[in-house]
Amino acid sequence: MVTPGSSTRSMRRATKEYTRDQDSVIPTTSELEEFFAYAEQQQQRLFMEKYNFDIVNEIPLSGRYEWVQVNP
């Protein structure tokens, strides 16, 4: 059996402060959109550089690979 003391109270208070600090760090919707838009642009750029193909406009680019259209 544990007797409540000052150490018990300080831990509870510290936990509440930690929870409150975490709540204030949540990014806004616009910040999330900006973050993911930038990440998506970087992935598109890397793909275009590697495979010389524009996936946004679906057109081949000049470079390492020769692209031919295949009709299903």
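How many helices and strands are there in the chain? The chain holds two helices and two strands, where helices (H or I, at least four residues) and strands (E, at least two) are DSSP runs numbered from the N terminus, and the elements run α-α-β-β from the N terminus on. The model is a predicted one, in which local features need pLDDT of at least 70 and side-chain atom pairs count only at pLDDT 80 or more, whereas totals for chains, interfaces and linings use all residues. Residues are numbered from 1 along each chain as its sequence is written, and side-chain values use heavy atoms, with hydrogens and water left out.

Of the 72 residues of the chain, 6% count as buried, a class that requires under 20% relative accessible area, with exposed meaning over 50% and partly exposed the range in between (1.4 Å probe, protein chains only). The chain exposes about 7100 Å², of which carbon and sulfur atoms supply 56%; accessible areas come from the Shrake-Rupley method with a 1.4 Å probe, and for residues only the protein chains shown count as cover.

Helix H2 covers residues 29-51. Its 23 residues should span 33 Å at 1.5 Å a residue, and this agrees with the 33 Å that separates its end C-alpha atoms, the expected span being 1.5 Å times one less than the number of residues. Leu32, which has its place in H2, counts as partly exposed because its relative accessibility is 38%. Together with Phe35 and Phe36, Leu32 forms a nonpolar patch on the surface, with about 330 Å² of accessible area for the three residues together. Patches are made of residues with over 30% relative accessible area and no salt bridge, like charges being joined within 9 Å and nonpolar side chains (Val, Leu, Ile, Met, Phe, Trp, Tyr) within 5 Å.

The structure holds one salt bridge, defined as a side-chain nitrogen of Lys or Arg within 4 Å of a carboxyl oxygen of Asp or Glu. In this salt bridge the side chains of Arg45 and Glu49 meet at 2.9 Å, N to O. Arg45 and Glu49 are four residues apart in helix H2, so about one helical turn separates them. Arg45 is partly exposed at a relative accessible area of 36%, while Glu49 is exposed at 54%.

H2 is followed by Asn52, whose phi is positive, near 40 degrees. Asn52 is found in the loop between H2 and E1 and is buried, with a relative accessible area of 4%. A polar atom of the Asn52 side chain lies 2.6 Å from the backbone oxygen of Leu61, and the side chain of Asn52 also reaches the backbone nitrogen of Tyr65 at 2.9 Å.

A pair of aromatic rings is described by the distance of the centres and the angle of the planes. Rings of Phe, Tyr and Trp (its six-membered ring) pair if their centres lie within 6.5 Å, planes under 30 degrees apart counting as stacked, over 60 as edge-to-face and the rest as tilted. By this rule the count comes to five aromatic pairs. The rings of Phe53 and Trp67 form a tilted pair, because their centres are 5.0 Å apart and their planes stand at 50 degrees. This pair links distant parts of the chain, with Phe53 in strand E1 (residues 53-54) and Trp67 in the segment after strand E2 (59-60), 14 residues apart. Phe53 counts as buried at 19% relative accessibility, whereas Trp67 is partly exposed at 39%. Ring pairs link Phe53 and Trp67 with Phe47, Tyr51 and Tyr65 into a cluster.

How values were computed
Polar contact = N/O pair within 3.5 Å; in protein donor to acceptor, adjacent residues only side chain to side chain.
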